[in-house]
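These are my notes from going through one model, entry by entry.

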Amino acid sequence: MAKRVARMGILTALAMVFSYVEVLIPFSFGIPGVKLGVANLVVLTGLYLLQPQEVFLISLVRILLMGVLFGNAASLFYSIAGGTLSFCVMLISKKSGWFSAIGVSAAGGVSHNLGQLIAAMVVLGSKKIGYYFPVLILAGIVTGVLIGIVSDRIVKTLGKLEPDGIF
């Protein structure tokens with residue numbers, strides 16, 4: 001149990017560091033609000049190495065801590081909406097067996113953007129910002145594929161380091 005808690009704490013801290021670095025050094029795609037989503041590396045990789053409930057808790061704690069430390073109520077609401085929907089879609093996609101880690105990540109990227117767009121519609125009380133979704137689909141696919149490639153490499157590398165798995 002102690003090893004499990006320590007592992008989850010380390011991965012939560014790593015996800016927080018990734019989030020913070022992404023804020024400090026924004027990787028702009030020229031599209032307002034679009035980020036690479038480097039913290040999702042921890043979530044996606046975790047889906048292949050840990051129990052789903054552990055990964056969800058890591059994701060949720062990271063979102064809550066980053067929101068409290070560096071955000072506001074609106075950013076926290078958007079992050080929880082996007083992160084929760086993304087996690088659920090990635091978990092279902094992975095369990096279906098139809099997608100590689102890259103496909104799972106792309107589905108997660110698109111659904112994260114959808115979750116945040118729905119949250120924005122609720123906050124603003126308007127469906128008019130839905131016009132932005134096609135742009136967010138493209139951005140989610142591009143960033144999801146990039147994160148998926150890196151995560152796939154991490155999972156394969158960790159599997160080679162220790163036959164029984166490092167986690």
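Entry 1: Buried here means under 20% relative accessible area, exposed means over 50%, and partly exposed lies in between, with a 1.4 Å probe and protein chains only. The model is predicted: local features need pLDDT of at least 70 and side-chain atom pairs count only at pLDDT 80 or more, while totals for chains, interfaces and linings use all residues. Residues are numbered from 1 along each chain as its sequence is written, and side-chain values use heavy atoms, with hydrogens and water left out.

I then searched for salt bridges, taken as a side-chain nitrogen of Lys or Arg within 4 Å of a carboxyl oxygen of Asp or Glu. The count is 3. R7 forms one with E54, the closest N and O atoms being 3.2 Å apart. E54 lies in helix α3 and R7 in helix α1, so this pair ties together parts that are 47 residues apart in sequence. For helices I used DSSP runs of H or I with at least four residues, numbered from the N terminus.

E54 also forms a salt bridge with R4, at 2.7 Å between the closest N and O atoms. That pair again links α3 to α1, across 50 residues. I noted E54 as buried at 3% and R4 as partly exposed at 36% relative accessibility. R4, R7 and E54 are linked in a network of salt bridges.

Entry 2: K156 pairs with D152, the closest N and O atoms being 3.0 Å apart. Both lie in helix α6, 4 residues apart, about one turn of the helix. An α-helix has 3.6 residues a turn, so residues three or four places apart point the same way. K156 is partly exposed at 49%, and D152 is partly exposed at 24%.

**Entry 3: helix α1.** Residues 2-24 make up α1, which has 23 residues and reaches 33 Å from its first C-alpha to its last. The expected span is 1.5 Å times one less than the number of residues, and for α1 this also comes to 33 Å. Which of its residues are buried? I listed R7, M8, L11, T12, A15, M16, S19 and E22. Their cover includes α2 (40-49) and α3 (52-70).

**Entry 4: the largest nonpolar core.** I defined such a core as buried Ala, Val, Leu, Ile, Met, Phe, Trp, Tyr and Cys residues joined through side-chain atoms within 4.5 Å. The largest has 18 residues, of which L47, V55, I58, F87 and M90 touch the most other members. Elements giving two or more residues to this core are α1, α2, α3 and α4 (73-96). The largest share, 5 residues, comes from α2.

I checked M90 for contacts, meaning heavy atoms within 4.5 Å. Beyond its neighbours within four places in sequence, M90 is in contact with N40, V43, L44, L47, V104, S105 and G108.

**Entry 5: rings.** Rings of Phe, Tyr and Trp (its six-membered ring) pair if their centres lie within 6.5 Å; planes under 30 degrees apart count as stacked, over 60 as edge-to-face and the rest as tilted. I counted 4 aromatic pairs. One of them is F77 with Y78, tilted, at 6.4 Å centre to centre and 45° between the planes. F77 is partly exposed at 38%, as is Y78 at 23%.
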